[in-house]
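I shall present one protein chain and the side-chain contacts within it. Please look at the sequence and the structure as we begin.

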Amino acid sequence: MADGSLARSSLVMVGGSFASRVLGVVRGALTTAIIGTLAAGDAFGLANTLPNVLYLLAAGGILNAVLVPALSRAMKLPDGGQEFTDRVVTVALAGMLVLTALVMLGAGFFVWLLSGDRGPEFTGLALAFTLLCLPQVFFYGVYALLGQILNARDRFGAFAWAPFIANVVAIAGLVAFMVLYPDPGRLDDGGQHLPRPPEAWTGGMIWLFAGTATLSVAAQALWLVPALRRAGFTYRPRWGLRGVGLGGVSRLALWAFAGLAVSQLGFFINTAVLNRAAGFGTADHPIRGPLLYQVAFTIFMLPHAFVAVSIITALFPRLSRDAADGDTQRLRADFRRGLMLPLVANLPVMVFMVVTARPLVALLNPGIDAVSIELGGYALTVMVLGIVPFGIDLLCYRTFFALDDGRSPLVMQVVLTSVTALAAGLTYLVPPQWALGIVAAGMTVGNVLSSTTGVVLLRRRLGRLGLGLVLVGTARIAVAAVAAGLLGGGAFAVVSPIVGDLSDMSAWQRVFGNAVVLGLSGLVFVVVYLVAAAVLHVPEVREVAALVRRRTARSRG
């Protein structure tokens, strides 16, 4: 692919990812505004997350580890892989239909496994939501399969923007729900807003709320069909796997699939223990469960996705080239670069989010109650302490993959999931109100131990990594971030009383008030951080800025 075409494709993909994440924040805010973070919210969170987890466990690994590599090889055949692709699509679609039917038959088992003892109303609502959401398994498979066919033909735009379309459909459904089923205005004894309890959800509400969630995933998959036609792809059903070449699957892909399977166990563990803890709550004193954890985790993931994922993804071709050339010295240098560049943003982000966790949760989820905002802020604070090792995890994974080593990432994932399981076990020994914080702490500690394991394994493979240089740079960035945190936190402390108590205001007033507080304190934070970084001679700040300018210039060109 020519440089100009590559730049345009990169811009299209980055634009699609950014737009999708922005709408994803809006979608999340509307979802929590409607369903809340109590029992009904947990029921929907279980149902809407389960299809993606089951798809990744049962089919996602097969598609990525088996069919996609074989599909790429087939593109080199004289017919462009047409017959082969027809066979793969036919078998994959049939397999996804069978898988979807099987998981729908097992819906009751999954709900029983994950819901804890939260009463028949919760179980009934969770089961209804789950039955409507599980067809997403099929459409996730269609989206992945058709997307890989497009990517093999160097058509990236539709695949990158499909999640944006999904969010548009979902938001339209949520808005329709708010119009057709206005909030009943339930309040607790303290005057705080309460969401609908499970028994208040009617059949029409359930179909519209969960149905549009599934419709959004279907739209995401079907959005790719016109793009396939424009790419010249036609499909004719063909049966049989003869000549598919499944024996050529790389060990790396199979190791990656094993790691993926282990990682998804964390979802089952966390969901089960948080629902168990929430089951001890009462109508007067409810205990927040999985959905509030998901709210905090979604906010945690935003800076990671924009910073660490973007930088490390851009660095991966260099890591792969270094490994292929056998240039260990350059590979170590690029690994250190992959450590330092995300730190320039992630360390100050960590400090800022620790200071402003509560208004961040309130800004991005204006419809939830005050207690959920406070507890979500605590969970986010605990999670964000692990944002740096979370990024190191990703860098280690990519470096091992560049070295054609799939075993080490699996070891790292086993460490992380083991810590998750230990934290889950600890929740049985403490009051249930502590479960949310313990699970969040388990994630942070797990990321620390997993990233440490990855660095140790890399050091065994590559020799001394020169981490002393990284520690010196990290110390400078940390000093600049702490200085910014002190002054930014001071600005936050000054502005917050001026804005006033937002808990008694409307949702839109809370959005505006929190935006003002975060905007002003964030401005002070950024200015102080950049000045301090310049005084302390942190070269990575200039390097990241130059990288952004170069990529922008290339994209425009």
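Predicted model: local features only at pLDDT ≥ 70, side-chain atom pairs only at ≥ 80, totals over all residues.

Aspartate 369 forms a salt bridge with arginine 288, and their closest N and O atoms are 2.5 Å apart. By salt bridge I mean a side-chain nitrogen of Lys or Arg within 4 Å of a carboxyl oxygen of Asp or Glu. This pair links distant parts of the chain, 81 residues apart: aspartate 369 is in the loop between α12 and α13 (370–384), and arginine 288 is in the loop between α10 (251–278) and α11 (290–325). The helices are DSSP runs (H or I, at least four residues), numbered from the N terminus. Aspartate 369 and arginine 288 are both buried. Buried means under 20% relative accessible area, exposed means over 50%, and partly exposed is in between, with a 1.4 Å probe and protein chains only.

Residues are numbered from 1 along each chain as its sequence is written, and side-chain values use heavy atoms, with hydrogens and water left out.

How many salt bridges does a search of the whole structure find? It finds five. In another of these, the side chains of arginine 118 and aspartate 42 meet at 2.7 Å, N to O. Here too distant parts of the chain are linked, with arginine 118 in the loop between α4 (107–115) and α5 (120–133) and aspartate 42 in helix α2 (residues 39–74), 76 residues apart. Arginine 118 counts as buried because its relative accessibility is 15%; aspartate 42 is buried as well, at 1%. Aspartate 327 and arginine 330 also form a salt bridge, at 3.6 Å, N to O. Aspartate 327 is partly exposed, at 31%, and so is arginine 330, at 46%.

We turn to the aromatic rings. The whole structure holds 17 aromatic pairs. Rings of Phe, Tyr and Trp (its six-membered ring) pair if their centres lie within 6.5 Å; planes under 30 degrees apart count as stacked, over 60 as edge-to-face and the rest as tilted. Phenylalanine 44 and phenylalanine 209 are edge-to-face, because their planes are at 70°, with the ring centres 4.7 Å apart. Phenylalanine 44 lies in helix α2 and phenylalanine 209 in helix α8 (residues 203–222), so the pair ties together parts that are 165 residues apart in sequence. Both belong to one aromatic cluster, together with Phe129, Phe177, Tyr181 and Trp201.

Finally, the nonpolar cores. A nonpolar core is a set of buried Ala, Val, Leu, Ile, Met, Phe, Trp, Tyr and Cys residues joined through side-chain atoms within 4.5 Å. The largest has 71 residues, and those with the most contacts inside it include Tyr293 and Ile477. Helix α12 (residues 328–364) supplies the largest share of this core, 16 residues. Apart from it lies another core, of 37 residues, among them Leu54 and Phe110.

Note on methods: Helix = DSSP H or I, 4+ residues; strand = E, 2+ residues; numbered from the N terminus.
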